[in-house]
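The entry is shown first.

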Amino acid sequence: MMVSEKVIRPIAEDESITTDVAIVGGGLAGSLAAAVLARAGHQVVLIDKRAVYPEEFRVEKIAGRQVDILCRLGFIRELETVACAYDRVINIREGRVVDVSAGQTYGLPYADLVAMARRLMSMHSGFIVDQVTAVSCSDDVQHLRLASGKRVTARLVVLATGMAGALGHSLGITRRILAERHSVSFGFTIARPDNSPFGFEALTCYGERAADGVDYLSLFPVRAGMRANLFMFRDPTDPIMRELRRETKSTLLRLMPGLQSYLGDFNVIGPVQNWVMDLSAAEGHLQPGVVLIGDAFQTNCPAAGTGVSRLLVDVERLCTEYVPRWLETDGMGKEKISQFYSDPGKIAADQHSLRMAHFRRALTSSSDIRWNVRRRMHFLRRNITHRVDRIRPGWIARVRSVLRA
Ligand SMILES: Cc1cc2nc3c(=O)[nH]c(=O)nc-3n(C[C@H](O)[C@H](O)[C@H](O)COP(=O)(O)OP(=O)(O)OC[C@H]3O[C@@H](n4cnc5c(N)ncnc54)[C@H](O)[C@@H]3O)c2cc1C
């Protein structure tokens, strides 16, 4: 479902705008940053080249730490109004239950998530639909030029332009590729032929053979039905990619025969979206007057599910801790900007994201003996924990807390 955009305080064509903070890019990172700063009473202008975020395949479920941060930021109620909530996921492999995960999770299309985030902006802020074509930054005042000819002057520029690096280039900010074509993701919707419900709230099916490169298929509810995200570590030019796009159902069942008994008869409805992800990070980003957040700073492996956690840590740390303090005093030199990039919470989230990206790839597709054993142990450990917890509920949690004490 597409949620219609609300353009807050429209800005005239030839206006030259002065603001405290100009945020370039109204995806999830930029829109949430604008909402947090505007709510705290700062003057913010958010600029995005598209009035409505297109139906592109990005994150489609919010869980765990992401829910915690959205709660702290005070946005969880808004998420609940647009998403499908669920709290139980059956995890299977080779047709058998590995374990069952619990925890509040929300499923929704990325376009709806971004629309929700943009609606959170208050009257202190403005939203401009335009493309930023040039940026120049200094210790004091920052200037943006827009495709329409408008100009924006700000004390701070936040670049939240996602994976598109073109704008940063003019400032000498480059992207270092850390892992080319690291993973491949597919997104599509499934339904029963008679539209009857599936026999589970949400289900994760892990790949069966390392050679297939299938990490997992995640099935979860969104308002339009049962959404499927398939994450793989395999050469994107392999013929299997084409088969997955064209004969999705039969290829899925060939890769994961254990799925059949859980799904019964089903059809793939609507388009099959596909994305090949490079892991990359910004370089040369420590500059006066400008700060990078979200994918503009570092991309993430979709299978690891860390992109939004990283992005939310960026938004929370930057907009609640640093920007309010920076605006209290004159200037926006490098010494201020470097405080954000050296924030221990941010560094930990960025590093965790990269570690998880490499871990998931090795756990899924590495065929050397060490990883073969580790893979077996990984699922065995989860299964034993699950069985023990079923016989003695809460026992594992109690043992863990005793060991931690
Ligand atoms: C297929 C896929 C699946 C994923 N699954 C998960 C998952 O399960 N869990 C998870 O945590 N993460 C996941 N991620 C990662 C997550 O989606 C991203 O980290 C997140 O969407 C990045 O948001 P962002 O705001 O930084 O960038 P974006 O959402 O890309 O926003 C960038 C915005 O900048 C605008 N823009 C760019 N240049 C300009 C310009 N010059 N002028 C004006 N506007 C401009 C664009 O129009 C866009 O709106 C996935 C990613 C992909 C690709």
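Predicted model: local features only at pLDDT ≥ 70, side-chain atom pairs only at ≥ 80, totals over all residues.

1. Residues are numbered from 1 along each chain as its sequence is written, and side-chain values use heavy atoms, without hydrogens and water.

2. A patch of negative charge on the surface brings together Asp139, Asp140, Asp330 and Glu335. Patch members have over 30% relative accessible area and no salt bridge, with like charges joined within 9 Å and nonpolar side chains (Val, Leu, Ile, Met, Phe, Trp, Tyr) within 5 Å. A salt bridge here is a side-chain nitrogen of Lys or Arg within 4 Å of a carboxyl oxygen of Asp or Glu.

3. Asp139 sits in the loop between β7 (132–136) and β8 (142–146). Its relative accessibility is 49%, so Asp139 counts as partly exposed (between buried, under 20%, and exposed, over 50%, with a 1.4 Å probe and protein chains only).

4. Ile369, Val373, Met377, Leu380 and Ile384 make up a nonpolar surface patch, and together they have about 490 Å² of accessible area. Ile384 belongs to helix α12 (residues 369–391) and is partly exposed at 45%.

5. Glu94 is not a glycine, yet its phi is positive, about 50 degrees. Glu94 lies in the loop between β4 (84–93) and β5 (96–107), and its relative accessible area is 39%.

6. Arg181 also has a positive phi, near 45 degrees. Arg181 is placed in strand β10 (residues 174–191) and is partly exposed, at 42%.

Notes:
Areas by Shrake-Rupley, 256 points an atom, 1.4 Å probe, with all protein chains shown as cover. Lys, Arg positive; Asp, Glu negative; His and termini not counted. Charge placed at Lys NZ, Arg CZ, Asp CG, Glu CD. Helix = DSSP H or I, 4+ residues; strand = E, 2+ residues; numbered from the N terminus.
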